[in-house]
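Student: I would like to learn how to read a protein structure. Could you walk me through one?

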Amino acid sequence: KEKYPMNIAQKLMLIWRRFSPLEERLLTAVREVLPPSAQTIFDAQVAGITHARRFDNEIYFYRKLAGKVDWRGVPAFSRIDEFELAEVRFIVDGRLYKAKLISIGGHIFEFVVTPNPTTIAFADWDSATTARLLSDPITSESAYDSQPIPDAWQEFLERDQTLNTGYWRFH
(Lines give C-alpha, C1' and ligand atoms only; values in the text may rest on other atoms or scores of the structure.)
Protein backbone atom coordinates (compact mmCIF):
# COMPACT_ATOMS: atom_id res chain seq x y z
CA LYS A 1 0.00 0.00 0.00
CA GLU A 2 1.19 3.55 -0.78
CA LYS A 3 2.67 5.32 2.20
CA TYR A 4 1.74 8.84 1.06
CA PRO A 5 -1.30 8.49 -1.22
CA MET A 6 -2.74 11.79 -2.40
CA ASN A 7 -6.06 12.49 -0.80
CA ILE A 8 -8.95 14.04 -2.72
CA ALA A 9 -8.22 17.54 -1.42
CA GLN A 10 -4.62 17.31 -2.64
CA LYS A 11 -5.73 16.03 -6.06
CA LEU A 12 -8.20 18.90 -6.37
CA MET A 13 -5.55 21.36 -5.20
CA LEU A 14 -3.38 20.40 -8.18
CA ILE A 15 -6.14 21.53 -10.52
CA TRP A 16 -5.74 25.13 -9.32
CA ARG A 17 -2.08 25.17 -8.30
CA ARG A 18 0.62 25.42 -10.93
CA PHE A 19 3.06 23.27 -8.99
CA SER A 20 2.89 20.55 -6.37
CA PRO A 21 5.15 20.93 -3.31
CA LEU A 22 7.50 18.38 -4.92
CA GLU A 23 7.80 20.46 -8.10
CA GLU A 24 8.33 23.68 -6.13
CA ARG A 25 11.17 22.09 -4.15
CA LEU A 26 12.81 20.68 -7.28
CA LEU A 27 12.64 23.99 -9.14
CA THR A 28 14.07 25.82 -6.12
CA ALA A 29 16.96 23.34 -5.88
CA VAL A 30 17.76 23.72 -9.60
CA ARG A 31 17.74 27.52 -9.38
CA GLU A 32 20.34 27.42 -6.61
CA VAL A 33 22.91 25.64 -8.82
CA LEU A 34 22.39 27.75 -11.95
CA PRO A 35 24.98 30.35 -12.94
CA PRO A 36 23.79 33.87 -11.98
CA SER A 37 23.42 34.76 -15.66
CA ALA A 38 20.90 31.92 -16.10
CA GLN A 39 18.85 32.53 -12.95
CA THR A 40 16.92 35.49 -14.36
CA ILE A 41 15.98 33.52 -17.48
CA PHE A 42 15.04 30.50 -15.35
CA ASP A 43 12.87 32.67 -13.08
CA ALA A 44 11.03 34.11 -16.09
CA GLN A 45 10.46 30.63 -17.51
CA VAL A 46 9.13 29.29 -14.20
CA ALA A 47 6.85 32.34 -13.89
CA GLY A 48 5.65 31.73 -17.45
CA ILE A 49 4.61 28.11 -16.88
CA THR A 50 0.83 27.85 -16.99
CA HIS A 51 0.40 24.09 -17.08
CA ALA A 52 2.14 21.05 -15.61
CA ARG A 53 1.30 17.63 -16.97
CA ARG A 54 2.15 14.75 -14.67
CA PHE A 55 2.78 11.17 -15.70
CA ASP A 56 4.25 8.30 -13.68
CA ASN A 57 7.81 9.59 -13.48
CA GLU A 58 7.71 12.57 -15.82
CA ILE A 59 6.47 16.09 -15.21
CA TYR A 60 6.08 18.29 -18.32
CA PHE A 61 5.95 22.08 -18.10
CA TYR A 62 4.13 24.23 -20.65
CA ARG A 63 3.23 27.82 -21.24
CA LYS A 64 -0.18 27.70 -22.87
CA LEU A 65 -1.97 30.67 -24.33
CA ALA A 66 -5.35 30.22 -26.01
CA GLY A 67 -4.94 26.45 -25.59
CA LYS A 68 -1.62 26.26 -27.48
CA VAL A 69 1.97 26.06 -26.31
CA ASP A 70 3.42 29.54 -26.69
CA TRP A 71 6.69 30.71 -25.17
CA ARG A 72 6.71 34.06 -27.00
CA GLY A 73 7.80 36.87 -24.72
CA VAL A 74 9.56 34.50 -22.31
CA PRO A 75 13.37 34.64 -22.39
CA ALA A 76 15.12 31.50 -23.63
CA PHE A 77 18.50 30.03 -22.79
CA SER A 78 21.21 30.44 -25.42
CA ARG A 79 21.39 26.69 -25.70
CA ILE A 80 18.50 25.48 -27.85
CA ASP A 81 19.29 21.78 -28.26
CA GLU A 82 17.83 19.16 -25.94
CA PHE A 83 20.02 18.72 -22.86
CA GLU A 84 19.98 17.72 -19.22
CA LEU A 85 20.18 20.95 -17.27
CA ALA A 86 20.42 19.80 -13.66
CA GLU A 87 20.00 16.85 -11.34
CA VAL A 88 18.44 16.91 -7.88
CA ARG A 89 18.74 14.05 -5.40
CA PHE A 90 16.52 13.87 -2.34
CA ILE A 91 15.32 11.32 0.20
CA VAL A 92 11.76 10.62 1.34
CA ASP A 93 11.17 8.05 4.06
CA GLY A 94 14.67 6.63 3.59
CA ARG A 95 14.27 6.18 -0.18
CA LEU A 96 16.57 8.01 -2.60
CA TYR A 97 14.97 9.87 -5.53
CA LYS A 98 16.71 11.45 -8.48
CA ALA A 99 15.18 14.15 -10.68
CA LYS A 100 16.72 15.46 -13.90
CA LEU A 101 15.46 18.68 -15.48
CA ILE A 102 15.55 18.64 -19.28
CA SER A 103 15.62 21.75 -21.44
CA ILE A 104 14.45 21.79 -25.06
CA GLY A 105 14.42 24.71 -27.45
CA GLY A 106 15.89 27.07 -24.85
CA HIS A 107 13.15 26.42 -22.27
CA ILE A 108 12.80 24.10 -19.31
CA PHE A 109 10.55 21.27 -20.35
CA GLU A 110 10.45 18.25 -18.07
CA PHE A 111 11.56 16.62 -14.88
CA VAL A 112 12.27 12.90 -15.10
CA VAL A 113 12.08 11.48 -11.58
CA THR A 114 13.11 8.00 -10.50
CA PRO A 115 11.66 6.09 -8.80
CA ASN A 116 8.07 7.13 -9.51
CA PRO A 117 7.29 10.20 -7.34
CA THR A 118 3.49 10.15 -7.65
CA THR A 119 2.91 9.15 -4.04
CA ILE A 120 5.32 11.72 -2.58
CA ALA A 121 4.07 14.90 -4.29
CA PHE A 122 3.02 16.28 -0.88
CA ALA A 123 5.43 14.34 1.37
CA ASP A 124 8.13 15.92 3.54
CA TRP A 125 11.73 15.22 2.59
CA ASP A 126 14.08 13.54 5.04
CA SER A 127 16.96 15.96 4.51
CA ALA A 128 18.31 18.72 2.34
CA THR A 129 18.65 18.11 -1.38
CA THR A 130 21.82 17.57 -3.33
CA ALA A 131 21.67 19.40 -6.65
CA ARG A 132 24.22 19.78 -9.40
CA LEU A 133 24.37 21.55 -12.72
CA LEU A 134 24.77 19.09 -15.60
CA SER A 135 25.04 21.59 -18.46
CA ASP A 136 25.43 25.35 -18.68
CA PRO A 137 22.30 26.68 -20.42
CA ILE A 138 24.01 29.91 -21.43
CA THR A 139 26.74 28.38 -23.58
CA SER A 140 25.61 27.42 -27.04
CA GLU A 141 27.91 24.42 -27.32
CA SER A 142 26.64 20.94 -26.69
CA ALA A 143 27.80 19.25 -23.51
CA TYR A 144 28.51 16.12 -25.48
CA ASP A 145 31.96 15.82 -26.96
CA SER A 146 32.15 14.15 -30.32
CA GLN A 147 33.61 10.70 -30.07
CA PRO A 148 35.48 8.73 -32.69
CA ILE A 149 33.63 5.99 -34.52
CA PRO A 150 34.61 2.56 -33.14
CA ASP A 151 36.99 0.58 -35.39
CA ALA A 152 34.36 -2.06 -36.20
CA TRP A 153 31.98 0.60 -37.55
CA GLN A 154 34.76 2.39 -39.38
CA GLU A 155 35.65 -0.87 -41.17
CA PHE A 156 32.00 -1.44 -42.02
CA LEU A 157 31.68 2.04 -43.50
CA GLU A 158 34.85 1.60 -45.54
CA ARG A 159 33.62 -1.62 -47.17
CA ASP A 160 32.73 -1.73 -50.82
CA GLN A 161 29.95 0.80 -51.29
CA THR A 162 28.59 -1.13 -54.27
CA LEU A 163 26.61 -3.39 -51.96
CA ASN A 164 22.97 -3.39 -52.94
CA THR A 165 21.51 -1.24 -50.19
CA GLY A 166 18.45 -0.02 -52.06
CA TYR A 167 17.98 3.66 -51.42
CA TRP A 168 20.22 3.71 -48.35
CA ARG A 169 23.62 5.36 -48.63
CA PHE A 170 26.37 5.24 -46.05
CA HIS A 171 28.21 8.50 -45.50
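Tutor: We will go through the sheet, the helices, the core and the aromatic rings of this predicted model.

Student: Let's begin with the sheet. In what order do the strands of the open sheet stand?

Tutor: Here is the general idea: strands of a sheet pair through backbone hydrogen bonds, either parallel or antiparallel. In this model, 6 strands form an open sheet with antiparallel pairing, in the order β1-β2-β7-β6-β5-β8. β1 (51-54) and β8 (130-133) each have a single partner strand, so one side of each is left without a neighbour in the sheet. On average, neighbouring strands are turned by 15 degrees against each other, direction ignored.

Student: How many bridges join β1 to β2?

Tutor: There are 4 bridges between these antiparallel strands. Look for R53, which stands opposite Y60 in β2.

Student: Which strands do helices α2 and α3 lie across?

Tutor: Helix α2 (residues 21-33) lies across β1, β2, β5, β6, β7 and β8, and runs at about 125 degrees to β5. Helix α3 (residues 36-48) lies across β2, β6 and β7, at about 80 degrees to β7.

Student: Which residues have the most contacts inside the largest nonpolar core?

Tutor: In soluble globular proteins, nonpolar side chains tend to be buried together. The largest nonpolar core here has 33 residues, and those with the most contacts inside it are L26, V30, F42, L85, F90, I108 and F111. β5 gives the most to this core, with 6 residues. Beyond its neighbours within four places in sequence, F42 is in contact with residues including V30, L101 and I108.

Student: Where can I see a charge over a ring?

Tutor: Look at R79, which lies over the face of F83, 4.0 Å from the ring centre. Another case is K64, whose charged end sits over the ring of Y62, 5.6 Å from its centre.

Definitions and conventions: Residues are numbered from 1 along each chain as its sequence is written. This is a predicted model: local features need pLDDT of at least 70, side-chain atom pairs count only at pLDDT 80 or more; totals for chains, interfaces and linings use all residues. Side-chain values use heavy atoms; hydrogens and water are left out. Two strands pair if DSSP finds at least two bridges between them. Helices (H or I, at least four residues) and strands (E, at least two) are DSSP runs, numbered from the N terminus. Axes are lines fitted to C-alpha atoms, for helices over the stretch in contact, and angles run from 0 to 180 degrees between N-to-C directions. Contact means heavy atoms within 4.5 Å. A nonpolar core is a set of buried Ala, Val, Leu, Ile, Met, Phe, Trp, Tyr and Cys residues joined through side-chain atoms within 4.5 Å. Buried means under 20% relative accessible area, exposed over 50%, partly exposed in between (1.4 Å probe, protein chains only). A charge sits over a ring if NZ of Lys or CZ of Arg is within 6 Å of the ring centre and within 35 degrees of the ring normal.
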